[in-house]
Amino acid sequence: MKLLKIERKRHDNNAAEELFKLVQWQYEEVTMTEFKLIPYDKRLNQEIEHAYKDNKSVFEFEQDDDTFVIDFKQLIEYRKSDYQDRLRVLRKDILKSAVSALPEEWKAMKDNEDIRIVPIPNTDQTYQDISNRFLTDVKTGLYAYRLNFNPDNLRVNKIERIQNKTLYQQNQAKKKQMTEQKPNLPPNMPTERELWHGTKYDAVTSIQMHGFNRSYIGNANGQICQGKKGMRYLPAVDAKDPTILYDCAVDNLQNPMEFVIFNDTQAYPAYIVTFTT
């Protein structure tokens with residue numbers, strides 16, 4: 001149990017570190033001689049961003065035995081016991097200066113709109129391609145023998161595209177970094193793969209809002225290594241350079257079916273396929 005808590009804390013710290021490279025919440029500090037913006041602590045920054053993405057109107061946090069409130073509408077922070085003791089806050093999008101172009105097939109979104117779920121008409125070619133591939137992979141794929149239902153009863157009810165600007169930009173930034181680090185991958189190790197992730201319906205909203213955690217897999221990048229039971233981190237590709245790590249662990253190097261990532265931004269949830277059996 002103690003090891004799980006340590007691993008969970010390390011995971012949370014890594015996630016906060018990654019987010020801090022992309023989005024920073026800052027507060028205004030004004031003195032008699034200068035004005036400056038101070039970033040919040042990385043873990044607190046993560047909590048603020050999650051509250052903001054969940055469309056909360058305010059966010060409360062404890063500090064120095066006192067309670068403070070961030071009002072997202074007014075973009076101010078104030079002491080809960082004294083509304084007059086307040087200062088301005090700012091959400092800085094680090095990616096704004098170097099954003100990747102959004103996919104051409106995405107529906108237009110407003111500047112202040114970060115997430116949109118777009119239904120795909122069943123007459124659309126994208127719908128047909130995804131549906132056919134899904135049905136084929138489930139019915140005849142290597143895991144078909146594990147099915148506990150009659151595959152002939154499998155029906156795709158709807159397909160929706162997830163348009164999440166922040167998650168997409170995070171994924172593209174990570175993909176760019178990995179491509180620059182490993183520009184000459186062999187043909188059997190493509191930089192990006194399209195994979196399936198099965199989940200319960202009540203987890204869908206969290207995934208489309210915040211992406212995957214380490215228990216999930218979606219659109220996965222990377223140079224692969226053989227996974228092992230109890231693996232806590234990825235090894236270096238070359239022992240001479242410990243800064244360049246493998247990108248993910250797999251069940252089988254020659255014909256990988258299961259991918260385990262150790263960086264959440266490597267996976268992007270592109271579509272939601274709802275089906276019945």
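Arg88 is exposed, with a relative accessible area of 53%, where exposed means over 50% relative accessible area, buried under 20% and partly exposed in between (1.4 Å probe, protein chains only). The model is predicted, so that local features need pLDDT of at least 70 and side-chain atom pairs count only at pLDDT 80 or more, while totals for chains, interfaces and linings use all residues. Residues are numbered from 1 along each chain as its sequence is written, and side-chain values use heavy atoms, with hydrogens and water left out.

The side chain of Arg88 forms a salt bridge with that of Glu28 (2.6 Å, N to O), the term denoting a side-chain nitrogen of Lys or Arg within 4 Å of a carboxyl oxygen of Asp or Glu. Because Arg88 lies in strand S6 (residues 82–93) and Glu28 in strand S1, the pair ties together parts that are 60 residues apart in sequence; helices (H or I, at least four residues) and strands (E, at least two) are DSSP runs, numbered from the N terminus. Glu28 is buried, at a relative accessible area of 15%. A salt bridge also joins Asp137 to Arg133, with the closest N and O atoms 3.5 Å apart, and these residues, four apart in helix H3 (residues 125–140), are separated by about one helical turn.

The largest nonpolar core has 14 residues, of which Trp25, Tyr40, Ile48, Phe59, Phe61, Ile70 and Phe72 touch the most other members. Such a core is a set of buried Ala, Val, Leu, Ile, Met, Phe, Trp, Tyr and Cys residues joined through side-chain atoms within 4.5 Å. Helix H2 contributes the largest share of this core, three residues.
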